Structure formats: structure tokens, C-alpha cells
Amino acid sequence: MQNGTNEVKLNERNRSNVRAVVSYVDEARNYALGICPVRIMLPFSFSMLPVMTEEIQSGREATKFLLEEAAKCGVELPAAEFCVNYDRNGIRKGEAFLPSLYEMGQMQRGSMLEAWKQLGLDRGECAFVSSTIGYNYNVWLTSFNGHIVSGWYNQYRTFGVLPVIEISF
């Protein structure tokens, strides 16, 4: 919730105050990943950004690197820019980022989709772009509902964008 409390069951009163849906917990490193409750479709980029981020496991680090390199090249990155500019329900601008391929692989698909259903965000396509650029400068896409195959796609394609935050505990 935006006040920092956790809710297991959403209802009409608390549904609009959701800060993020916890999708991965790393007890050894004392943090969790939370997906912000928003659905938006954007292209990763309007043109090719010739960098690779396959080796960066942290979406926060990869997003920062991508935006720095894009500024040098004069390339717009709508998906990453949306994430870092996200500022709703207690999340401050600069707190959210585009998750990496590694982080998307760690997210708990079942519990996340159930929470999204409670929020009314489960309609339509559940394929989301990551901050991971690899082979032929393609960007990694992950499907959370299994209807679309996860894999590498051109940077200028439009898919879902998931702003993600780190939650320390």
C-alpha cells in the first residue's frame, strides 16, 4: 500500500492505494521486487540503441545505463523513460525502473497474476519488455500468461511496460 503496509487481500477500500505487487523476494539480500499497478503499451525505442546489457542482472542498473547511452546517441527510450518518471501511489520519480531479463525470470508469475486480477489489470496481452539488450541489439520480452513466446524482439516493437521497484526489508 502507499502507506508502506502490506495487504494480502484487496477490497474496494484499499484497491486504489496499491503501491506495488510483490513479485519476487530475495531473503538472502533483504529485498523484494514490486511491480507497479499500471498497464501501458510503449515501444522500447523509436530507433536502434547499439548497446548490450545482457550481463547486467539489475534492472535498476541496466535502466540507468540505457538512459545514459541513449542520451549520448540522441535516442528516445519511451519504456525506460516511463518507468523512471512513474510517480504514483507513494512511488517517487526515479524510484521505478525497467526490469532485467534476470529479474523477470525471478518474478512469481502465479501470485502476480492473481494480484493483477484483483486490480483489474489482467485483461489483454501480458507480454512485457525488459531492460536487457542482447543478440543483434534485440530486446528481451517475457510473456507472463504463456500466450506469447518469450524471446528477442526488435527494439522499436510496442509491448507492455512494467515499472518495477526494489523494496528493502
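1. In this predicted model, the largest nonpolar core holds 24 residues, and those with the most contacts inside it are F44, L77, L98 and V161. Helix 1, helix 2 and strand 4 are the elements that give two or more residues to this core, and the largest share, four residues, comes from helix 2.

2. L77 deserves a separate look. Leaving aside its neighbours within four places in sequence, L77 is in contact with F44, S45, L49, L66, L67 and A70.

3. Helix 1 covers residues 59-73, and its length can be checked: at 1.5 Å a residue, its 15 residues should span 21 Å, and the end C-alpha atoms are 21 Å apart, so the expectation and the model agree. The buried residues of this helix are G59, A62, T63, L66, E69 and A70; because they cover an arc of only 135° around the axis, they lie on the same side of helix 1. The spacing along the sequence can be read against a general rule, namely that an α-helix has 3.6 residues a turn, so residues three or four places apart point the same way.

4. What, then, covers the buried residues of helix 1? The cover includes helix 2 (78-85), helix 3 (101-106) and strand 4 (127-133), whereas the face turned away from the buried side carries the exposed residues E61, K64, A71 and K72.

5. Both ends of helix 1 have local features to record. At its start, a side-chain oxygen of S58 reaches to within 3.3 Å of the backbone nitrogen of R60, while just after the helix G74 takes a positive phi of about 70°.

6. Not counting residues up to four places away in sequence, N138 touches T132, I133, W152, Y153 and N154.

7. For the chain as a whole, there are four helices and eight strands, running β-β-β-α-α-α-α-β-β-β-β-β from the N terminus on. Buried residues make up 48% of the 169 residues, and the chain exposes about 8,600 Å², of which carbon and sulfur atoms supply 49%. Among contacts between residues at least 6 apart in sequence, 66% join residues at least 24 apart.

How values were computed
Residues numbered from 1 in each chain as written. Predicted model: local features only at pLDDT ≥ 70, side-chain atom pairs only at ≥ 80, totals over all residues. Heavy atoms only, no water. Buried < 20%, exposed > 50% of the residue type's maximum accessible area, 1.4 Å probe, protein only. Contact = heavy atoms within 4.5 Å. Areas by Shrake-Rupley, 256 points an atom, 1.4 Å probe, with all protein chains shown as cover. Expected span 1.5 Å × (residues − 1). Arc of directions from axis to C-beta. Polar contact = N/O pair within 3.5 Å; in protein donor to acceptor, adjacent residues only side chain to side chain. Core = buried A, V, L, I, M, F, W, Y, C linked by side-chain atoms within 4.5 Å.
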